[in-house]
Amino acid sequence: MISSVLPTYNRAPIAFASGAGSWLTTTGGERYLDLGAGIAVNALGHAHPRLVSVLSDQAARLWHVSNLYQIPEQQRLADLLVAETFADTVFFTNSGTEAAELAIKMVRKYWHEKGQPDRNLILTFEGAFHGRSTGAIAAAGSEKMVKGFGPLMPGFQSLPWGDHDALRAALTDQVAAVLIEPVQGEGGIRTVPDQCLKGLRDLCDTTGALLVFDEVQCGMGRTGRLFAHEWAGITPDIMMVAKGIGGGFPLGAVLATENAASGMVAGSHGSTYGGNPLGCAVGAAVMETVADPAFLAEVNRKAGLFRQGLESLVARHPDVFEAVRGQGLMLGLKCRAANTDVVNAAYAQHLLTVPAADNVLRLLPALNIPDEDIAEALTRLDAAAAGLTP
Ligand SMILES: *Cc1c(COP(=O)(O)O)cnc(C)c1O
């Protein structure tokens with residue numbers, strides 16, 4: 001008989017009852033050290049006192065009014081995002097996949113309004129992940145996600161990873177946009193080198209294609225800058241954000257320049273829940289915390305500490321691990337053992353990690369993880385690896 005919850009997930013047999021910082025406690029009272037942070041969502045850890053207080057205050061005041069009215073909390077978060085980024089304007093969603101939908105619609109509408117409605121091809125990259133809507137699976141185009149769900153939405157071409165010639169050949173002046181994760185998350189913590197992001201920006205400037213970054217996973221301080229593309233010193237025309245921006249509350253956003261957003265007018269897009277007072281009040285508290293240069297400096301310092309520890313772990317367990325990859329606190333261990341075996345060995349050490357494609361183990365701790373928890377995580381990873389060494 002089918003389970004009462006649609007069986008679309010392979011869940012570990014663990015259930016948590018509470019959390020604090022980088023620790024989770026199961027319903028049976030066992031403590032786990034959390035290096036997954038709800039897949040890069042709990043950017044400030046669990047039950048962060050400021051977020052709890054902002055959420056409870058807002059909950060006692062007002063949850064939802066709809067976008068028929070002004071929403072001061074939404075306005076405030078939009079102003080913060082515009083002040084801290086390339087963007088001139090922001091639309092709020094409840095998830096990453098909804099952000100992908102709007103990004104795609106915005107691109108299409110842009111060219112429609114420019115009198116080139118046939119200019120609707122969006123280039124994407126192998127290994128990409130942009131969400132689970134019909135549009136987002138068509139965009140990413142991975143066999144695993146699209147099989148059985150056809151006919152797929154047309155208008156996408158997936159390019160091989162890191163193939164500059166293929167990109168140059170495909171990026172004609174008929175291409176509407178290029179959609180890329182500056183650091184692939186699900187794809188296995190694969191960082192696009194700064195030089196390549198710069199080159200991509202140049203190519204888009206030459207052909208007029210809009211450059212769309214999916215920073216759903218790598219954004220909001222994860223790589224040690226507020227947004228990952230800042231490392232490359234360039235900006236996109238449109239950017240998708242979600243995961244960390246709500247600190248655990250479902251929240252996403254599409255950020256855009258005035259030009260890229262110029263096709264979007266009253267009635268061209270909407271969302272009942274998007275930008276609700278609860279989510280935006282929490283999002284503003286997350287933004288104020290994470291955008292602080294002192295906070296980001298700490299992320300980078302902690303990342304250095306963690307990375308150094310991971311490098312020596314790789315050296316100590318060459319049969320289990322191959323290399324460290326990633327940036328900031330978006331780290332991956334390329335495994336020699338099966339990454340799922342490493343995830344399970346880590347469970348046995350009461351340590352939570354996340355598998356990714358390319359046989360990578362993802363380490364996405366809370367951005368404010370204390371140094372002693374990093375040290376403890378390394379000890380537990382070492383024990384997990386020791387158990388796997390043949
Ligand atoms: C998680 C993710 C998404 C989808 O976000 P959901 O909130 O799960 O819809 C899109 N893009 C990237 C890069 C992601 O990591």
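**Helix packing and domain layout in a predicted model**

The protein has 12 helices and 17 strands, and the model looked at here is a predicted one. Taken along the principal axes, the C-alpha atoms fill a box of roughly 60 × 55 × 55 Å. How does the radius of gyration sit with what a compact globule would have? For 390 residues, a compact globule would come out near 21 Å, and the protein has 21 Å, so the two agree.

Next comes the split into domains. Domain 1 covers residues 50–290 and domain 2 covers residues 293–388. The C-alpha centres of the two domains lie 27 Å apart. Where the domains touch, 17 residues of domain 1 are in contact with 19 residues of domain 2. On the domain 1 side of that contact, the tally by class is five nonpolar, nine polar and three charged residues.

Now to the helices themselves. Two packed helices are described by the angle between their axes and the distance between the axes.

Helix α2 spans residues 49–61 and helix α9 spans residues 277–290; their axes are 9 Å apart and meet at an angle of about 155°. Angles over 145 degrees count as roughly antiparallel, so α2 and α9 are roughly antiparallel to each other. Their crossing is right-handed. From α2, the residues R50, L51, V54, L55, Q58 and A59 take part, and they meet P277, L278, A281, V282, A285, V286 and T289 of α9. Sorted by class, this contact holds 10 nonpolar, two polar and one charged residues.

The next pair is α10 and α12. Helix α10 runs over residues 293–316 and helix α12 over residues 371–388, and their axes come within 10 Å and cross at roughly 15°. With a crossing angle like that, α10 is roughly parallel to α12, because angles under 35 degrees are counted that way. Here too there is a handedness to note: the crossing of α10 and α12 is right-handed. On the α10 side the contact is made by K302, L305, F306, G309, L313 and R316, while α12 brings in D371, I374, L378, L381, D382 and A385. Those residues divide into seven nonpolar, one polar and four charged.

Helix α12 also packs against helix α11, which is made of residues 339–348; this time the angle is about 120° and the axes are 8 Å apart. The two helices are therefore oblique to each other. As α11 passes α12, the crossing is right-handed. The α11 residues in the contact are D341, V342, A345, A346 and A348, and the α12 residues are R380, L381, A384, G387 and L388. By class, there are seven nonpolar, one polar and two charged residues in the contact of α11 with α12.

Which two residues are joined by a cis peptide bond? They are G150 and P151, with omega at about 0°. P151 lies in a loop, with α6 (143–146) on one side and β6 (156–159) on the other. The other detail concerns S66, a residue other than glycine whose phi is positive, near 85°. S66 is in the loop between α2 and α3, the latter covering residues 72–84.

Note on methods: Residues are numbered from 1 along each chain as its sequence is written. This is a predicted model: local features need pLDDT of at least 70, side-chain atom pairs count only at pLDDT 80 or more; totals for chains, interfaces and linings use all residues. Domain bounds come from an automatic or database domain assignment. Two residues are in contact if their C-beta atoms, placed from the backbone, lie within 7 Å. Ala, Val, Leu, Ile, Met, Phe, Trp, Tyr, Cys and Pro count as nonpolar, Asp, Glu, Lys and Arg as charged, and the others, Gly among them, as polar. Axes are lines fitted to C-alpha atoms, for helices over the stretch in contact, and angles run from 0 to 180 degrees between N-to-C directions. Helices (H or I, at least four residues) and strands (E, at least two) are DSSP runs, numbered from the N terminus. Angles under 35 degrees count as roughly parallel, over 145 as roughly antiparallel, 65 to 115 as roughly perpendicular and the rest as oblique. A crossing is left-handed if the near helix is turned anticlockwise from the far one by less than a right angle, and right-handed if clockwise. The radius of gyration is taken over C-alpha atoms; the globule rule is 2.2 Å times the number of residues to the power 0.38.
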